[in-house]
Amino acid sequence: MSITAPSTAASAAPRSFQEIILRLMTYWSSKGCAVLQPYDMEVGAGTFHPATTLRSLGPTPWAAAYVQPSRRPTDGRYGENPNRLQHYYQYQVLIKPSPSNLQELYLGSLDAIGIDTSLHDIRFVEDDWESPTLGAWGLGWEVWCDGMEVSQFTYFQQVGGHDCHPVSGELTYGLERLAMYILGVDHVMNMPYNDPDAPIHLSYGDVFRQSEEQYSRYNFDGADTAMLLRHFEDAEAECDRLLGFAPDDPNSGKRIVMAQPAYDQCIKASHIFNLLDARGVISVTERQAYIGRVRALAKKCADAFVLTEAGGWTPAA
Amino acid sequence: MPDLLIELFSEEIPARMQGMARDTLRKMVTDGLVEAGLTYAHAQAFSTPRRLVLALEGLSAESPTLTEERKGPATTAPEKALEGFLRSTGLSRDQLEVRDDKKGQAYFATITRPGRKAPEIIAEVLEKTIRTFPWPKSMRWGSGSLKWVRPLHSILCILTDEAGHTVVPLDVDGIVAGDTTEGHRFMAPGRFAVTGFDDYAARLKAAKVVLDSAEREEIIWNGATTLAFARGLEIVEDRGLLTELGGLVEWPVPLMGEIAGEFLGLPPEVLRTSMKEHQKFFSVKNPKTGRIEGFVTVANRETADNGETILKGNLKVLSARLSDAKFFWEHDLRVVKSEGLLGMGAGLSHVTFHNKLGSQAARIERIAALAQVLAPLVGAAPDLAVQAARVVKSDLRSAMVGEFPELQGLMGSYYARAEGLPEAVADACKGHYSPLGPSDDVPDQPVTVAVALADKIDTLTGFWAIDEKPTGSKDPFALRRAALGVIRLVLTNGLRLKLGEVFAKANPATDAADLLSFFHDRLKVYLKDQNIRHDVIDAVLAMPGADDLALVARRAEALSAFLATEDGGNLIQGFKRANNILTQAEARDGVEYSYGADPKFAEAAEEAALFAALDAADAAIAPAMAAEDFPAAMGAMAALRAPIDAFFTAVQINSDNQLVRRNRLNLLSRIRQICLGVADLNRIDG
């Protein structure tokens, strides 16, 4: 399978953070991806979006691109660090089966956001991806532009403990870092968010500095750990309970496996674990145990998803 | 004789795997071809980030026709046997020959295996190679099931002779072999055909791909040193980095940049680590000052602006990294100045080491107490060892180590010096994690040795006490490495420690005997690498003092050297013979022949001579063992070889005279007793 190859003409440089996002949207839309919206839950990375985690399972072809707000509570720096944030954006592309020209398509996207590959040094440097919480792994690279990592490029081999057949190709762009590089900005908070010539010009800091401060304080000191520990247990129990329902729904008379509602609880548990970690209440050994518990949920949800139609289940089977 | 060219073209192959892949490709293909009856004159393998290549010269065009004769059943055998024979040979009855055999007449078949053309064999061998290639990690892609290190895009496989070139017909999961390849991803995209290896290498070079990794490395090294030399600087050599860089680029272009003045005050290790680990830069040193002042990065292309944009980008990334590092460095120095290294580590009381083993701070107190006990045994001042132990882990709370965990210890030593702590303390900060691997340097400064031992022994006894021992391939707390570290510290420094007592002191809840046997297993692995056999170590470990590793190792070395001599090997035979006879006699008679051998009952001269030899050996061995002069003890034991051999040749143990027989058995018992005083020779194989 091959998708139309990119043009090679370098595009004019974008002027703002949002322009880079818009260009990526336009580019991947033109390559046939469904442009999705962010998932409405707190996640640590774009991979957690069901459009990646669940849709990479089973035989059904898929092509999606979306921005996913991502939260890493331990990375909070009160808005002061030039490139570290507890809330940031990932741009995520997932295509199943991975097309044979995925590398060319990816390079075309760099061109679309103003990286002239005839002047820059683009390198594919080995990086094996593994998500212990999702029971997932894949092989690929981190992509370097002039020595800076601008994307992760992964061929999924396993998700939720299931072998991926066919294999999905996943691209993840760290948007802030990439945009800072393209826009030549040294501190993320100084990055133009909208057009610098707009009547009301907003910087990244105008939009996010205050919330970075607030969430940094919340993540490190504010969050009620006793409550979070309870919520972790609740999410875990709810996930199990939802997956315990018989497939046949008496109300609608349809076969409905609640894989995604259960997976929501897995996402919740994962984020709560990250918060607890930021609050420093999880010891090194407990850490492994918590990761194992989230992974167990992810696996059960994957098991359930492959029993849905989107996951490849057919009534005849 | 045609030449063969194979290119497996894929997405980027990890740099660290390319060397292995070249060797494996060459071996698998040539072995397969030779096994199928082909010969070749010369084979060479190459790799770039996107291709694995094999060039064979002088390959035979076909495999020879082989004829094999097989004997079948006798003519008198039942019809069934003949039918089976015809089936297995694929012949008919009239193609068989009847000839005389030893036991009458039998059927004979002549089977001819016709030679096969090279392309058929190559296709078979190459397909098998691709399908079974032992990549450390391989993957599937798209909808296929083929596995390769990264998606495999094309196969070039051609045979070239005077008449021209032909493509070897091959289709591996839809990838059809051809005669085309691609040039540099950015500088010369697009496919082109080639006719043979020379043409291939030349066209690749024109398409901005240097095929040979050695040539790429040379271009990188020469370019880098020339750039540095022009400014009176030199490259800090790094063979591993050079190889890695050679595997990351097809068209290497070294570019040199300067480190901004504001970062030059950072410790050189910080600069080097940051540049190497994160950016894969060579460090550039000023030979006059020894300071790191610049870097060389290697781009994968030429550009219209001569690399200016690339260098600018790299500098920007480096500046961001070094700004972080500088911020951490200055922050840490402020902390050390106001609170001291001890104060820097205060937060360790909130860090859990392990939920059953308490906080890092609690662990540090245990290490300090143990270092105090160990200090006199390793020649260190106890108070200095305690002082060092209390601060060696402090840098785990530093900002720099938070960012660069690989600098743990080293940063502590900088901060210790900044605080004006004794040099021995600074050295312990840096050295107490060592030795980490089997080839890592072993510390020799006494305070460092004391803390390094205390650190590792605390870890081992702690995890032993909570029953978290390594099992099979699982060793999450790296306890095997810790034990090997203790072994190397002890042996390299010639330390005399009774480990059993040390373990008990470190953690009374530890099963010291079990931990000691874990150490003995590690010691066996370690000594085996020094070519000391397993059974030799067993023979030594059975002796008293087995918790003194230096003693065990010296004994094992002496015994190993002894066994390598002719006397040694023969003495073991003599010892075993004596021991076997004795053991059987003792079993039969129900008594232990242990003493009372008297020379006055000796009948033969050889018997009397053995008495004299045993007396002499006894007199020499006991003091030598007491003085731990094992080579001397072994030498004295070696002197028994001739008398024992002579004794067994001349003397029958079993005599009608019970008195003489008993005396001889008691004499054998002296052999056993003397030899076992040196090592448990029963455990020696053979």
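This is a predicted model: local features need pLDDT of at least 70, side-chain atom pairs count only at pLDDT 80 or more; totals for chains, interfaces and linings use all residues.
**Figure 1. Overall dimensions of chain A.** The secondary structure of chain A consists of eight helices and nine strands. Its C-alpha trace extends over about 55 × 50 × 40 Å along the principal axes. Buried residues account for 47% of the 317 residues of chain A. Among the contacts in chain A with a separation of 6 or more, 68% are between residues 24 or more positions apart.

**Figure 2. Overall dimensions of chain B.** Chain B contains 24 helices and 18 strands. The radius of gyration of chain B is 36 Å, whereas the globule rule gives 26 Å for 686 residues; chain B is therefore more spread out than a compact globule. Taken along the principal axes, the box filled by the C-alpha atoms of chain B is roughly 105 × 100 × 45 Å. Of the 686 residues in chain B, 41% are buried. Residues 24 or more positions apart supply 66% of the contacts in chain B that have a separation of 6 or more.

**Figure 3. The interface between chain B and chain A.** On the two sides of this interface, 30 residues of chain B are in contact with 31 residues of chain A. Three elements of chain B each give two or more residues to the side that touches chain A, namely β16 (292-299), α8 (308-344) and β17 (352-354). The greatest contribution to this side of chain B comes from α8(B), with six residues. Sorted by class, the side of chain B that touches chain A comprises eleven nonpolar, twelve polar and seven charged residues.

**Figure 4. Domains of chain B, with the contact between domains 1 and 3.** The domain assignment divides chain B into domain 1 (3-62 + 119-206), domain 2 (67-113), domain 3 (213-330), domain 4 (351-392 + 432-525) and domain 5 (562-683). A distance of 34 Å separates the C-alpha centres of domain 1 of chain B and domain 3 of chain B. Where these domains meet, ten residues of domain 1 of chain B are in contact with nine residues of domain 3 of chain B. The side of domain 1 of chain B that touches domain 3 of chain B has, by class, four nonpolar, four polar and two charged residues.

**Figure 5. The four-stranded open sheet of chain B.** The strands of this sheet follow the order β13-β15-β16-β14 (chain B), and their pairing is antiparallel. At the edges stand β13 (234-235) and β14 (253-258) of chain B; each has a single partner strand, so one side of each is left without a neighbour in the sheet. Strand β15 (residues 282-285) of chain B is paired with β16(B) in the antiparallel sense over four bridges. Across from S283(B) stands F295(B) in β16(B). Helix α7 (residues 268-279) of chain B lies across β15 and β16 of chain B and runs at about 10° to β16(B). Strand β16 of chain B is also one of the elements that give two or more residues to the side touching chain A.

**Figure 6. The three-stranded open sheet of chain B.** Here the strand order is β4-β6-β5 (chain B), with antiparallel pairing. The edge positions are held by β4 (66-74) and β5 (97-101) of chain B, and because each has a single partner strand, one side of each is left without a neighbour in the sheet. On average, and with direction ignored, neighbouring strands of this sheet are turned by 40° against each other. Strand β5(B) runs antiparallel to strand β6 (residues 104-113) of chain B, and five bridges join the two. Within β6(B), Y107(B) stands opposite V98(B). Helix α2 (residues 79-89) of chain B lies across β4 and β6 of chain B, running at about 170° to β4(B).

**Figure 7. The surroundings of I581(B).** Helix α20 (residues 566-589) of chain B contains I581(B). I581(B) counts as partly exposed because it has 16 C-beta neighbours inside 10 Å. When its neighbours within four places in sequence are left aside, I581(B) is in contact with I653(B) and L668(B). The C-alpha atoms of I581(B) and N654(B) are 10.0 Å apart in space, while the two residues are 73 residues apart in sequence.

Conventions
Residues are numbered from 1 along each chain as its sequence is written. Chains are lettered from A and ligands numbered from 1 in the order in which they are written. Two residues are in contact if their C-beta atoms, placed from the backbone, lie within 7 Å. Ala, Val, Leu, Ile, Met, Phe, Trp, Tyr, Cys and Pro count as nonpolar, Asp, Glu, Lys and Arg as charged, and the others, Gly among them, as polar. Two strands pair if DSSP finds at least two bridges between them. Axes are lines fitted to C-alpha atoms, for helices over the stretch in contact, and angles run from 0 to 180 degrees between N-to-C directions. Domain bounds come from an automatic or database domain assignment. A residue is buried if 20 or more other C-beta atoms lie within 10 Å of its own, exposed if 12 or fewer, and partly exposed in between; C-beta atoms are placed from the backbone. The radius of gyration is taken over C-alpha atoms; the globule rule is 2.2 Å times the number of residues to the power 0.38.
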